[in-house]
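Subject: Structure handover

Hello,

Here is the structure I promised to pass on. Please open it alongside this email. My notes follow below.

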Amino acid sequence: MSQAWQPVQIQGIAALRYQSPRGDSVAVALQGAQVLSWQTADGTERLYLSLRSAADGRTAIRGGIPVCFPQFNQRGPLPKHGFARNLPWQVVRQEADGLEMALCSSEATRAWWPEAFEARLSVALAPGRLRVRLRATNTGDRPWALTAALHTYLRVADITRCTLQGLQGLACWDALADTRFAEPRERIAFGDAPGEGFDRVFSLPAGSGTCSLLIEERAAQSTSALEVKNLPNSTEIVVWNPGAALSAELADMPDDGWRYMLCVEAASIDAPVALAPGQSWEIAQELAV
């Protein structure tokens, strides 16, 4: 195996880190195969990781790219967002610019869920670009269903200066107001109601393929942009910011943490994905500057 991936500790969390000759880097935790850091060659950190996040190897890590599997949020009997993010994963492939980790059904997973499965998380780094892919396989002899998401926490300098483009016209459920409508805006401006929080699920048309979003952040002298591509098989996009009140309630997030992050998630959650024995399914997201 390549020695380019080096063991590191990030805020006390055991991880593997790779830095390319160009200077881009990525770090992935052994717990949950959770991407903790993605830095572009200019040294800018592109993912948000809470300074108050747990680091005990079993409690959910607040930030990076958590893997929600085989259940999203509390949409079922399992722990919130499933159990995959709480367990150690095994490295199955290391290359100079890529890493693949696996979680297989075991005594530990069967304590929560009786099904036989293999989940694989692959990370690929390129100049100014990061791709993360989750692949789930039914390794048992009976069908089962899942919901899943790549719960990506993007780091921003100030959410109130950010806009998100690419969701106009999509069917939307506002989880805070419990209302449904078609998103009317070309650009969602998070400075319109600073600190109020944002929690919406946007539904993608069937067979829509890749969905590209653009996050822009305006400063006094410049504008920065990040493209988020949800690749085919995403049926929903979840956009979340906790706002000031919830940030203050969350023990693993600073009171002002809401200012410095925005979750834009590749998801398949409204209709569970059914897998027959031997069948696989995948979801993926690509981030680019």
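Are F69 and W113 buried or exposed? Both F69 and W113 are buried. Bear in mind that this is a predicted model.

First, the aromatic rings. A search of the whole structure finds 10 aromatic pairs. One of them joins F69 and W113. Their ring centres are 6.2 Å apart and the planes meet at 85°, so this pair is edge-to-face. The partners come from distant parts of the chain, 44 residues apart. F69 sits in the loop between β5 (67-68) and β6 (90-94), while W113 sits in the loop between α1 and β8.

W113 also pairs with F83. Here the centres are 6.2 Å apart, with 50° between the planes, and the pair is tilted.

For W113 the value is 10%, so W113 counts as buried, the cut-off being under 20%.

Ring pairs also build a cluster, made up of F69, F83, W112, W113, F117 and W144.

Next, E115. This residue is in the loop between α1 (107-110) and β8 (117-126). E115 is buried, with a relative accessible area of 12%. Its side chain makes a polar contact with the side chain of R142, at 2.9 Å. Leaving aside residues up to four places away in sequence, E115 touches S105, R142 and W144. W144 is also a member of the ring cluster.

Best wishes

Terms used
Residues are numbered from 1 along each chain as its sequence is written. This is a predicted model: local features need pLDDT of at least 70, side-chain atom pairs count only at pLDDT 80 or more; totals for chains, interfaces and linings use all residues. Side-chain values use heavy atoms; hydrogens and water are left out. Helices (H or I, at least four residues) and strands (E, at least two) are DSSP runs, numbered from the N terminus. Buried means under 20% relative accessible area, exposed over 50%, partly exposed in between (1.4 Å probe, protein chains only). A polar contact is a pair of N or O atoms within 3.5 Å; within protein, one must be able to donate a hydrogen and the other to accept it, and residues adjacent in sequence count only if both atoms are side-chain atoms. Contact means heavy atoms within 4.5 Å. Rings of Phe, Tyr and Trp (its six-membered ring) pair if their centres lie within 6.5 Å; planes under 30 degrees apart count as stacked, over 60 as edge-to-face and the rest as tilted.
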